[in-house]
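User: I would like to learn how to read a few features of a model. Please take them one at a time, with the general idea before the case.

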Amino acid sequence: MKSLLASIGRAVTDGLDGAGRGVLLLRAILFQTPHVWRMRREIIEQMQIVAIGSLPVVVVTSIFVGAVTAVQGVYQMQAYVPMKFLGTVISKSVFIELGPVLMALVVGSRLCANYAAELGSMKVTEQLDAMTIMAIDPNRFLAMPRFWAAVLMMPVLTVFCDLIAVLGGYATSVLTLDVSSGVFIEGLQMFYKHSDLLGGLIKSFVFGGIIAMSGIYYGFNTRGGAEGVGRSTMTAVVGSCLSVLVADYLLAIVLFQIVFEST
Amino acid sequence: MQQEWDIPPPPDQSVADPASFSGIVVEGVSKSFGTKVVLDGADLLIHKGETIVIIGRSGEGKSVLLKHIVRLLEPDAGRIWVEGSDVQTLEDGPLMELRRKFGFLFQGAALFDSMTICRNIGLALEEHTDWPAAKIRARACECLAQVGLVGAEDKLPSELSGGMKKRAGLARAIVMEPRYILYDEPTTGLDPITSDTINDLIIELQKDLGVTSIVVTHDMPSAFKIADRMAMLSRGRIVFTGTVDEVRTTAHPMVRQFIEGRSQGPLGTF
């Protein structure tokens with residue numbers, strides 16, 4: 001019983017310690033943000049890695065997200081709801097929830113693993129120490145460009161995902177589900193609100209930060225050799241996915257029950 | 001039955017006023033990792049312009065001591081003074097300034113594997129000077145020539161052999177013309193000829209640039225060749241310091257066992 005309590009206590013203190021160090025890392029990264037212009041080469045390089053490297057997985061994921069939403073929508077609605085609302089269902093689901101969350105899970109996992117493994121390898125091979133000795137702050141040179149690349153590119157990828165998913169839903173509905181093109185487009189326009197799209201983009205902006213922080217934090221805190229890199233990569237991805245889902249719930253409350261509801 | 005060894009007391013490494021000492025003072029530094037005590041009150045004086053070689057068995061904390069000097073690690077107790085500055089109390093800005101006086105050759109070279117050799121070497125110049133790219137490249141090539149690596153500037157670290165990586169690491173360590181160069185096992189894992197080339201480079205750099213060199217190694221031929229003075233680290237403390245001749249002739253049982261490479265002796269009994 002004592003050892004169980006001790007384990008729980010240790011887990012809680014470790015968790016709080018990690019959260020505290022995460023906040024300090026975020027603070028250090030934000031303090032380096034005035035150096036954005038000086039670090040533009042690294043930031044652009046990282047943005048290319050986020051965007052161009054993720055394109056194939058974004059396209060495939062988005063097409064099938066739209067297609068599956070269309071199929072499920074038709075199945076759920078066929079006996080009770082007119083098909084003119086199919087476009088509404090697809091656009092709202094994709095803009096508010098599926099686009100930002102799936103991008104955060106699919107692209108985010110890829111990105112988070114990339115950051116954690118790359119920085120973790122640099123840590124265990126003393127490259128971070130070498131940088132520090134050269135009086136170059138790894139928070140500025142490595143963490144800040146990766147953080148802003150993820151934060152800025154996640155909304156861009158989410159817009160891209162939204163667009164392709166709606167097109168995927170449209171193609172599936174028109175080509176295989178006997179929904180006419182006009183009816184689908186009418187549904188798309190019918191209850192469209194800018195706040196749906198904006199809410200999704202705000203979510204993806206926050207998710208980008210969570211993904212980057214998880215990858216950078218676990219990468220910088222890697223211990224041991226190859227096994228340590230593997231462990232920190234796995235922990236970073238799991239931590240990122242869970243944090244995204246929790247943040248999604250909190251943002252849903254804040255954005256759609258408080259901010260946009262009152263405007 | 002365990003043999004009793006007549007081990008002399010550790011050498012006196014204290015200075016009256018560390019803040020006015022022109023070199024490096026390591027004063028009672030202790031460091032533990034979990035329950036493992038690595039340094040246990042280590043004291044060491046490093047004089048300006050000398051090449052001091054720190055010897056000791058693997059895992060005795062030689063590299064840990066080296067990392068404390070540039071505050072890559074924080075001691076649990078004790079202090080380190082570099083040119084009169086207490087390294088542990090320096091704010092970020094002065095610490096960065098201090099680090100710019102140091103070059104560090106890591107055991108595995110620690111080259112940035114996503115960058116070419118030229119950018120690895122020129123990165124510090126990119127960061128700390130307003131030199132144009134062409135001038136930085138020229139300086140990087142000059143350093144590469146100094147370590148005998150002409151033509152390697154556009155290669156990636158993965159394209160170099162172990163010895164070439166060490167030499168590229170050395171070129172990176174000297175690019176900012178540091179006052180101090182710290183070498184962590186510079187010849188470990190290299191063939192005897194490459195090792196001797198690295199030794200010659202260390203001696204040349206010390207002569208040409210007048211730097212203070214601190215070398216951590218357990219490669220005794222290398223240590224005898226490059227050292228002005230040697231210090232032995234054992235059980236977390238500096239147990240002996242002396243010139244190369246003093247090391248060769250000392251009766252200190254730990255030093256004798258180490259330089260003779262015997263398994264029996266005070267170092268082998270714990």
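User: What covers the buried residues of α5(B)?

Analyst: Note that this is a predicted model. In general, an α-helix has 3.6 residues a turn, so residues three or four places apart point the same way. Here, the cover over the buried residues of α5(B) includes the strands β6 (102-105) and β7 (180-184) and the helices α3 (117-128), α4 (133-146) and α6 (192-209) of chain B. Eleven of the 13 residues of α5(B) are buried, which leaves the helix mostly covered. Among them are Gly163(B), Leu170(B) and Ile174(B), but also the charged Lys165(B), Lys166(B), Arg167(B) and Arg172(B).

User: How far does helix α5 of chain B reach from its first C-alpha to its last?

Analyst: Helix α5 spans residues 162-174 and reaches 19 Å, close to the 18 Å expected at 1.5 Å a residue.

User: Next, the sheet. In what order do the four strands of the open sheet in chain B stand, and is the pairing parallel or antiparallel?

Analyst: Strands of a sheet pair through backbone hydrogen bonds, either parallel or antiparallel. In chain B the order is β2-β1-β4-β5, with antiparallel pairing. The edges are taken by β2 (36-46) and β5 (85-86), each with a single partner strand, so one side of each has no neighbour in the sheet. Strand β4 (residues 77-82) is joined to β5(B) by two bridges; in one of the bridges to β5(B), Val82(B) is partnered with Ser85(B).

User: Why does Glu50(B) count as partly exposed?

Analyst: The cut-offs are counts of other C-beta atoms within 10 Å: 20 or more is buried, 12 or fewer is exposed, and partly exposed lies in between. Glu50(B) has 16 such neighbours, so it counts as partly exposed. Glu50(B) sits in the loop between β2 and β3 (51-55) of chain B. Leaving aside residues up to four places away in sequence, Glu50(B) touches Thr212(B), Asp228(B) and Arg229(B). Its C-alpha is 9.5 Å from that of Gly23(B), 27 residues away along the chain.

User: And the chain as a whole: how many helices and strands does chain B have?

Analyst: Chain B has nine helices and ten strands. Its radius of gyration is 19 Å, close to the 18 Å given by the globule rule for 270 residues, so chain B is as compact as a globular protein of that length. Of those 270 residues, 45% count as buried.

User: How many residues of chain A are in contact with chain B?

Analyst: Ten residues of chain A contact 15 residues of chain B. The side of chain A that touches chain B comprises five nonpolar, three polar and two charged residues.

Definitions and conventions:
Residues are numbered from 1 along each chain as its sequence is written. Chains are lettered from A and ligands numbered from 1 in the order in which they are written. This is a predicted model: local features need pLDDT of at least 70, side-chain atom pairs count only at pLDDT 80 or more; totals for chains, interfaces and linings use all residues. The radius of gyration is taken over C-alpha atoms; the globule rule is 2.2 Å times the number of residues to the power 0.38. Two strands pair if DSSP finds at least two bridges between them. Two residues are in contact if their C-beta atoms, placed from the backbone, lie within 7 Å. The expected span of a helix is 1.5 Å times one less than its number of residues.
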